[in-house]
Each structure stands twice: as C-alpha cells, then as structure tokens.
Amino acid sequence: MFEEKQEPYEILIRFEVGKYRGAHFQAINTVYKDGAPLTQTLLAPVPIKDAEGFKIADVIGQVLIDQDAAVQSVLADMIALRKQTTEELAAKDLVITERLAELDDPDRLTKLETELVAKDANIQDLLTIVEAMKGNLP
C-alpha cells in the first residue's frame, strides 16, 4: 500500500539588526510503501504566511519547550557538579586547616628536634654495632 505525506522539514526565520524580517517554511514530501519511506522530495521553500495549515506559533512554542527542557537538564547537571565540587573543596579545606594547625603548633620544632636526636642516637648505635662486627670478622 502506498501513502504520500507532506511533513515539515525546515523553518528559516530571518532577522535584520535584531528585528524580525520574515520566515520561510520548507516541507518534505515522502512516499511510503507499507509504512516504510520509499522516496523523499524537498519542496520549494515558501514564506510562512503562504504555508497552508502551518502555524509558526505552534512550532516556536514547541522549540521553546524543547529548549527549556534542555536548559533544565544542563542546569541540573551544573547543580550536581557544583555540589560535588563544593564537597571536594570542603574536604581539601579541612586537610589544609589540619596541616596549618600542625605548622602553627609551638611545640612542633621541639618535637622534630627530639625525633632527630632519637634517630641520630639510633644511627650511632648502628655504627657502633657495625664497628664491633668488623672486629669479629676473620
């Protein structure tokens, strides 16, 4: 079974210095065979006012609805990313605050000196052991 349909294909809206100057509508004629497209032919563009049965308000309204949905989706992604980034920055800020607190500790230098003295003593002990072992070697 063959069926022929004329469907919207393209809309062109012209502006000049930000003001509406006109619009064209182009349709596509499709021949279907058993529900599957068989051939398609683009029809000549016509000014919107001459496009029979075509309401630009319907199309523009749907375009705005589609764009609003796209904007809302991007906005939701941005909000989620901002939340994630804020949480990550808060965690990093906590680490920095802890490190700064360690650096501001007035006893830090004393603690480091004590650790250094202890490690130096360990090294001296190891050197003494190595020297003693040298004496026991054949």
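The model is a predicted one, in which local features need pLDDT of at least 70 and side-chain atom pairs count only at pLDDT 80 or more, while totals for chains, interfaces and linings use all residues. Residues are numbered from 1 along each chain as its sequence is written, and side-chain values use heavy atoms, with hydrogens and water left out.

**The whole chain**

Begin with the C-alpha trace, which spans about 110 × 45 × 25 Å along its principal axes. The radius of gyration, taken over C-alpha atoms, is 39 Å. A compact globule of 138 residues would have a value near 14 Å, by the rule of 2.2 Å times the number of residues to the power 0.38. Of the 138 residues, 9% count as buried; buried means under 20% relative accessible area, exposed over 50%, and partly exposed in between (1.4 Å probe, protein chains only).

Next, colour by secondary structure. Two helices and four strands are present, in the order β-β-β-β-α-α along the sequence. Helices (H or I, at least four residues) and strands (E, at least two) are DSSP runs, numbered from the N terminus.

**The strands**

Select strand β1 (residues 2–16) together with β2: the two run antiparallel and are joined by 14 bridges. Strands count as paired if DSSP finds at least two bridges between them. In their hairpin, which has two residues between the strands, V17 takes a positive phi near 50°.

Centre on T30, in strand β2 (residues 19–33). T30 is buried, at 0% relative accessibility. The bridge partner of K5 is T30, and T30 stands opposite Q40 in β3. The side chains of T30 and Q40 make a polar contact at 3.3 Å. A polar contact is a pair of N or O atoms within 3.5 Å; within protein, one must be able to donate a hydrogen and the other to accept it, and residues adjacent in sequence count only if both atoms are side-chain atoms.

Move to Q26, also in strand β2 and buried at 12% relative accessible area. A polar atom of the Q26 side chain lies 2.9 Å from the backbone oxygen of L43. Beyond residues up to four places away in sequence, Q26 touches P8, Y9, E10, L42, L43 and P45, contact meaning heavy atoms within 4.5 Å.

**Helix α1**

Finally, select helix α1 (residues 56–104), where E87 and K83 are four residues apart and separated by about one helical turn. Their side chains meet in a salt bridge (3.9 Å, N to O), defined as a side-chain nitrogen of Lys or Arg within 4 Å of a carboxyl oxygen of Asp or Glu. The structure holds one salt bridge. E87 is partly exposed at 47% relative accessibility, whereas K83 is exposed at 54%.

K92, also in helix α1, is exposed at 54% relative accessibility. Draw a C-alpha to C-alpha distance from K92 to T39: the two are 53 residues apart in sequence and 61 Å apart in space.
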